[in-house]
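Reader: I would like a close look at one part of this protein, a single strand and what surrounds it. Please take me through its place in the fold step by step.

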Amino acid sequence: MKIIGPDRLVFAGAGNAEAAKFMADYGLRRVDAGSAERYEAADGTSIDLVAEDDPAHPDTLGTGNRLRRTVYGVADMASLDEIAAELGKDQPISRRADGSFDAMDPLGFALAF
């Protein structure tokens, strides 16, 4: 399995001026991403800020952490299929038409590959 690393983090907090300033201070540029406020680094990794009640993303865990989803990049489709098969042994996964999928880690954090 070849997980490249985090591709995108999704946080609740759209419309938060302080969060937007923080992203700009770190050199992330705002890009068009539909319903999310996306801030992208030069290498293409990004942070999305979504509405608290956005039904496209799981609820927070109730711990104060506003992370909604971590999206990991993988090297190729074979790696994606291998990761899906491994994670699918212990939990349901939800595949998309493009082959990507969603899963939950044992602590309840939403993951996507």
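Predicted model: local features only at pLDDT ≥ 70, side-chain atom pairs only at ≥ 80, totals over all residues.

Author: Among the contacts in the protein with a separation of 6 or more, 51% are between residues 24 or more positions apart. The protein has two helices and eight strands, and from the N terminus on these elements follow the order β-α-β-β-β-β-α-β-β-β. Of the 113 residues, 36% are buried.

The part to look at is strand β5, residues 67–74. Of the eight residues of β5, seven are buried, so the strand is largely enclosed by the rest of the structure.

Eight strands form an open sheet in the order β2-β3-β4-β1-β5-β8-β7-β6, and the pairing is mixed. The edges are held by β2 (29–33) and β6 (94–95); each has a single partner strand, so one side of each has no neighbour in the sheet. In the strand order, β5 stands between β1 and β8.

Take the β1 side of β5 to begin with. Seven bridges pair β1 with β5 in the antiparallel sense. Within this pairing, G5 is opposite G73 of β5. Strand β1, residues 3–12, is also joined to β4, residues 46–50, by five bridges, and those two strands run parallel. There L9 has I47 of β4 as its bridge partner.

V71 is placed opposite A112 of β8.

Helix α2, residues 77–87, lies across β1, β5, β6 and β7. Its direction is at about 35 degrees to β7, which covers residues 101–104.

The last item is the largest pocket, which holds about 210 Å³ of space. Its lining has 18 residues, and those nearest the centre are R8, R69, V71, R96 and A112. Strands β1, β4 and β5 each supply at least two lining residues, and β5 gives the most, with four. By class, the lining has eight nonpolar, six charged and four polar residues.

Note on methods:
Residues numbered from 1 in each chain as written. Heavy atoms only, no water. Pairing = 2+ DSSP bridges. Contact = heavy atoms within 4.5 Å. Axes fitted to C-alpha atoms, helices over the stretch in contact; angles between N-to-C directions. Buried < 20%, exposed > 50% of the residue type's maximum accessible area, 1.4 Å probe, protein only. 1 Å grid on protein atoms, 1.4 Å probe; cavity = no way out; pocket = protein on both sides within 12 Å on 5 of 7 lines; lining within 4 Å. Points joined across faces, edges and corners; volume = space filled by probe spheres on them. Nonpolar A, V, L, I, M, F, W, Y, C, P; charged D, E, K, R; others polar.
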